[in-house]
Amino acid sequence: MMLLEWVRRTDGEAPVLVNSWYRDPAYNAAVGGVSHSMHLTLGAADIVKVGWSPADVADLLGHAPHKHMLGIGRYKSFTHIDIRGMIGRPAPARWGSNE
Ligand SMILES: [Zn+2]
């Protein structure tokens, strides 16, 4: 995803680890994913930028190209990013608090 490359390069280059990309429906259910999860559509990733806090990655994504098309979820140990607006779903979406 070009967005992940943007995250990797912006504000100091650092590797971006993708924790979760595509989930098949059975795996999605097993990990407690919601049934309409963006992870079922190949349009989502849970990411960590090495050396960055999830909060800082979420803040960075708030300034990303096409940010109005994105879903950004803040979690304690990673940041969720998806391109919901590019596949016709309501966007943007923001949730979570990194707590
Ligand atoms: Zn996610």
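Visitor: Which protein atoms are the donors of the zinc ion?
Guide: His39 (NE2), Asp46 (OD) and His80 (ND1), lying 1.9 to 2.2 Å from the zinc. Donors here are N, O and S atoms within 2.8 Å of the metal (3.2 Å for Na, K and Ca), and water is not among the atoms, so sites may look incomplete. This is a predicted model, where local features need pLDDT of at least 70, side-chain atom pairs count only at pLDDT 80 or more, and totals for chains, interfaces and linings use all residues. Residues are numbered from 1 along each chain as its sequence is written, and side-chain values use heavy atoms, with hydrogens and water left out.

Visitor: What spacing do the donors follow along the chain?
Guide: H-x6-D-x33-H. His39 is in the loop between helix H2 (25-30) and E2, while His80 is in strand E4 (residues 79-82), so the pair ties together parts 41 residues apart in sequence. Helices (H or I, at least four residues) and strands (E, at least two) are DSSP runs, numbered from the N terminus.

Visitor: Are those two histidines buried or exposed?
Guide: Both His39 and His80 are buried. Buried means under 20% relative accessible area, exposed over 50%, partly exposed in between (1.4 Å probe, protein chains only).

Visitor: New topic: where is Pro65?
Guide: In the loop between helix H3 (54-61) and strand E3 (71-74). Pro65 has 39% relative accessibility, so it counts as partly exposed.

Visitor: And what is Pro65 in contact with, leaving aside neighbours within four places in sequence?
Guide: Leu3, Trp6 and Leu70, with contact meaning heavy atoms within 4.5 Å. Pro65 and Leu3 are 62 residues apart in sequence, yet 7.9 Å apart C-alpha to C-alpha.
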